[in-house]
Amino acid sequence: MQNGKRGKQSLVPTLLLMVFGIWVSVANAGSVEEQTLRLAAELRCPVCQNLSVADSPSEMATQMREVIHEKLKNGESPEQIRDYFVSRYGEWILLSPARQGFNWLAWLLPFVAIVGGFGIVVLTISRSIRRGRQSHGEPPPPSDPRYAGRLESELKEWER
């Protein structure tokens, strides 16, 4: 009896996960024209170099968009098409580096810098707060005992 109830309990999340996965894949697929524009936006125009193939008005970018469209119509996957352009032009054709090997540094370094910067800000603020509490409380201990003794004796003479 309990095994049947547990089976139903685990079946519902599994079905929800499957429906969500199908919905995501359908939403990402789109039409061939949408996929063409999406892939063209990931590739750098060899002529303009600062523009993507989707944004470039050059003849070369137009031809590349046509190649992407034809390959998608022939049933090739976006990964196969990316690999095709990388094999012809090298990795620089990709506007964002592939997430593998040394390229992970380019993907992770901005996040590490943000977390490190946030840590530095938090550390600086906490030190500032600690210093503020010390200045309102007890006086800080003298840094050198020789000067502290001399200061004490001069203060006593001055008070007389």
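User: Leaving aside its neighbours within four places in sequence, which residues is proline 46 in contact with?
Analyst: Proline 46 is in contact with Met60, Met64, Tyr89, Trp92 and Ile93. Contact here means heavy atoms within 4.5 Å. Keep in mind that this is a predicted model, where local features need pLDDT of at least 70, side-chain atom pairs count only at pLDDT 80 or more, and totals for chains, interfaces and linings use all residues. Residues are numbered from 1 along each chain as its sequence is written, and side-chain values use heavy atoms, with hydrogens and water left out.

User: Is proline 46 buried or exposed?
Analyst: Buried, with a relative accessible area of 18%. Buried means under 20% relative accessible area, exposed over 50% and partly exposed in between, using a 1.4 Å probe and protein chains only.

User: And where is proline 46 found?
Analyst: In the loop between H2 and H3. The C-alpha atom of proline 46 is 7.8 Å from that of alanine 61, and the two are 15 residues apart along the chain.

User: OK, H2 and H3 then. At what angle do they pack?
Analyst: About 130°, with the axes of H2 (residues 32–42) and H3 (residues 59–73) 9 Å apart. Axes are lines fitted to C-alpha atoms, for helices over the stretch in contact, and angles run from 0 to 180 degrees between N-to-C directions. That makes H2 and H3 oblique to each other; under 35 degrees counts as roughly parallel, over 145 as roughly antiparallel, 65 to 115 as roughly perpendicular and the rest as oblique.

User: Which residues make that contact?
Analyst: From H2 it's Val32, Glu33, Gln35, Thr36, Leu39 and Ala40, and from H3 it's Arg65, Ile68, His69, Leu72 and Lys73.

User: Switching topic: how many helices and strands does the protein have?
Analyst: Six helices and zero strands. Both are DSSP runs numbered from the N terminus: helices are H or I with at least four residues, strands are E with at least two.

User: How many residues of H6 are buried?
Analyst: Of its 15 residues, one is buried, so H6 lies largely in the open. H6 covers residues 145–159 and reaches 21 Å from its first C-alpha to its last, close to the 21 Å expected at 1.5 Å a residue. The expected span is 1.5 Å times one less than the number of residues.

User: What about the whole protein, how much of it is buried?
Analyst: Buried residues make up 15% of the 160 residues.

User: Last one: what phi does glycine 90 take?
Analyst: A positive one, about 95°, just after H4.
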